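Hi,

Here is the structure I promised to pass on. Have a look at it first, and my notes on charges and rings follow below.

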Amino acid sequence: MHNSASSSAKEKGIAIRFLENGLGTEGTMGKMVIQILAVVAEAERERILERTNDGRVVAMASGVRFGRKPHPATASSLTLIQQGLSFKAVSEKTGISRPTYFRLKRRLFTVENKGVLSAM
């Protein structure tokens, strides 16, 4: 026995009737109409995905870079962080935020210790 949250519309006695052409979801023909619409929707979704992926491949081949653009001060900030400068010093020179400073510092730590971690 199903609870009301997982019951289907049919079990609840819900049907749709299109007034212009008299089609509906009641009975065998109605069930067939719903199945046909579901198949058409699924096929259209597949076509959309194919076109999107084809466009992505073409864009990548032409040199388009996806994702967020790097912060202009990232390269200089990384250099300053490697030199051991504090957040305040790096921020004053490059204008990066506190979260960016610590994200870059964590990235440097991960890269520097990658060989140590992979050997464990």
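Let me start with the charged surface. Arg68, Arg103, Arg106 and Arg107 come together as a patch of positive charge on the surface. Keep in mind that this is a predicted model. One of the four, Arg103, sits in helix α4, which covers residues 98-112.

How many salt bridges does a search of the whole structure find? The search turns up three.

Glu26 and Arg17 form one of these salt bridges through their side chains, at 2.2 Å from N to O. Glu26 is partly exposed at 45% relative accessible area, and Arg17 is partly exposed with a value of 45%.

Glu44 is worth a look on your screen. Its side chain meets that of Arg47 in a salt bridge, with 3.1 Å from N to O. Both Glu44 and Arg47 are in helix α1 (residues 27-61), and they are three residues apart, which is about one turn of the helix. The side chain of Glu44 also forms a salt bridge with that of Arg51, where the N to O distance is 3.9 Å. That distance still counts because the cut-off is within 4 Å. Glu44, Arg47 and Arg51 are therefore linked in a network of salt bridges.

On to the rings. A pair of aromatic rings is described by the distance of the centres and the angle of the planes. The count here comes to two aromatic pairs. Phe87 and Tyr101 make an edge-to-face pair, with 5.6 Å from centre to centre and 65 degrees between the planes. What does this pair tie together? Phe87 lies in helix α3 (residues 87-94) and Tyr101 in helix α4, so the pair connects parts that are 14 residues apart in sequence.

Within that pair, Phe87 is partly exposed, with a relative accessible area of 21%, whereas Tyr101 is buried at 3%. The cut-off for buried is under 20%, so Phe87 at 21% falls in the partly exposed class.

Tyr101 also pairs with Phe102, again edge-to-face, at 4.9 Å centre to centre and 90 degrees between the planes. Phe102 is partly exposed, with a relative accessible area of 36%. Phe87, Tyr101 and Phe102 form one aromatic cluster.

If you open the model, I would go to the network of Glu44, Arg47 and Arg51, and then to the cluster of Phe87, Tyr101 and Phe102.

Cheers

Technical notes. Residues numbered from 1 in each chain as written. Predicted model: local features only at pLDDT ≥ 70, side-chain atom pairs only at ≥ 80, totals over all residues. Heavy atoms only, no water. Buried < 20%, exposed > 50% of the residue type's maximum accessible area, 1.4 Å probe, protein only. Helix = DSSP H or I, 4+ residues; strand = E, 2+ residues; numbered from the N terminus. Patch = residues over 30% accessible without salt bridge, like charges linked within 9 Å, V, L, I, M, F, W, Y side chains within 5 Å. Areas by Shrake-Rupley, 256 points an atom, 1.4 Å probe, with all protein chains shown as cover. Lys, Arg positive; Asp, Glu negative; His and termini not counted. Charge placed at Lys NZ, Arg CZ, Asp CG, Glu CD. Phe/Tyr/Trp six-rings, centres within 6.5 Å; stacked < 30°, edge-to-face > 60°.
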